Amino acid sequence: MKKQSIFALTLATALIASGCGSNNNGGNTANSTNGAADNTAAANNTAAANNSASTETNAPKEPVTIKVFQFKVEIATALQQMAEAYEKETGVKVEIETHGGGEDYSALLKAELAAGEEPEIITSSGWAGFDPYVDRAVDLSNEPWAKDLVEASRAQITRDGKLLGMPMTLEAYGLTYNKDLFAKAGITTLPQTLDELEAACKKLQDAGIIPFALTNEWWSLGIHTFNIANATQADPAAFIDAIKAGTKTFKDDSLSKQWIRLVDIMFANGQKAALTTDYNTQVAEFAAGKYAMIQHGNWIQGMVDEVNPDLNLGMMPVPLEGKPNVFTGVPSNWVVNNKSAHPEEAKAFLNWMATSETGKKFVATDFKFIPSITSIPADPAAIGKIAADFATFSQEHPDQVKGWQWDRFPDGITQQFGAAMQEYMGKRIKSDELLGKFDKAVADIVKK
């Protein structure tokens, strides 16, 4: 698509008109001469004023910089490249600041705002995770891409009928697995129950293959892992509301207790250095073929491809009660900050990302996203084997696709979930203590 520069300069031409006035008062030469002088002075003043206006009109506008504060480490390099392409095309500089992986993005963003820094664009989760930023969010309901949103992505970032962010992408996770290592261990069918998962782990161990790539990251443990228990509830929203109200507890919930067994199988069949393994190392070692399974989704495809683009991967559903499931949702939203210096330029950047051919190419191909905007076609070659496997499974088994529920908890709770999981991974607490810590984390935050 052909674009016009947002900050194109307009050249104005100042027309200076001057004329000799005639004072028709009976041939009074003195008066005529004085009138001409006055007219000449007026003309000179007008010319000076017009020249001044022309100079101001022709003065170059101040360069604009907008800042994006975001947490998707997987797209950090491609996002910087997109920012450079946008600046080349429009003259607007986009400064990218990424905090993710082992960093607590939420705490860092709050510190940024508390310090008086106001990025033009921030990224935020939805539901309760978005509550701290509602008063800063610009209404994007009437932006050109809004009508094309995948409907399921809207509710988590909508308040009072207003769309307050652009859903970044759709993501899904289950257990991403190495198909070649499964074949090497003689695993011909994917496990459907916890007993079958445990048996598959034994086959892998017998073949000299470590089943799980684990990480110590609080967000992976406290968000993705624990979501398996909450999302599998018959009515996740109602269950979480009851937990927050104190009418139910994790400690007395049968599904949460069954989930503990899943965690035990994973922890017993992971690498010895799990407690010191960060996210980047976990994914890199999995991509190098050291482990058979990893509890991450299609968002790791780009990182895996940098190590081994030919790795034969798939996504398997996670066994628990009943049928095994995969989990999908919106990981983050682009939010335009109304307290920033350049919110209009920020909206223009998001519109360019969603509607220009260059922007759409970055989203679908370079970011390897499953677009949340239907007018951005997915790139089958880019989204990779993990997402392709999810797409096939979700079409064939829609009843086994569950949502992301962690953002229904107030901010701060999932961090405590993660800290408790780290204690459990380190064998410093027992399973009933783990669930008790989960209950206390909710109670303590909700009371505030």
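Guide: F69 has I122 of β3 as its bridge partner. The two strands concerned, β1 (residues 65-70) and β3 (residues 121-124), run in the parallel sense and are joined over two bridges; two strands count as paired if DSSP finds at least two bridges between them. Strands are DSSP runs of E with at least two residues, helices are runs of H or I with at least four, and both are numbered from the N terminus. In general, strands of a sheet pair through backbone hydrogen bonds, either parallel or antiparallel.

β1 and β3 belong to an open sheet of five strands, ordered β2-β1-β3-β13-β6, in which the pairing is mixed. At its edges stand β2 (93-98) and β6 (166-167); each has a single partner strand, so one side of each is left without a neighbour in the sheet.

Helix α3 (residues 105-114) lies across β1 and β3 and runs at about 145° to β1. Angles run from 0 to 180 degrees between N-to-C directions, with axes fitted to C-alpha atoms, for helices over the stretch in contact; contact means heavy atoms within 4.5 Å. Helix α11 (residues 343-355) lies across β1, β2, β3, β6 and β13 (333-336), at about 150° to β13.

The other sheet to consider is open and has four strands, in the order β9-β10-β8-β11, again with mixed pairing. Its edge strands are β9 (210-213) and β11 (313-316), each of which pairs on one side only. From one strand to the next, the twist averages 30°. β9 is joined to strand β10 (residues 291-294) in the parallel sense, over three bridges; within this pairing, I210 has Y291 of β10 as its bridge partner.

Helix α9 (residues 279-287) lies across β8 (175-178), β9, β10 and β11, and its course is at about 135° to β10. Helix α13 (residues 380-396) also packs on this sheet, where it touches β8 and β11; its direction makes about 35° with that of β11.

Residues are numbered from 1 along each chain as its sequence is written, and side-chain values use heavy atoms, with hydrogens and water left out. In this predicted model, local features need pLDDT of at least 70 and side-chain atom pairs count only at pLDDT 80 or more, whereas totals for chains, interfaces and linings use all residues.
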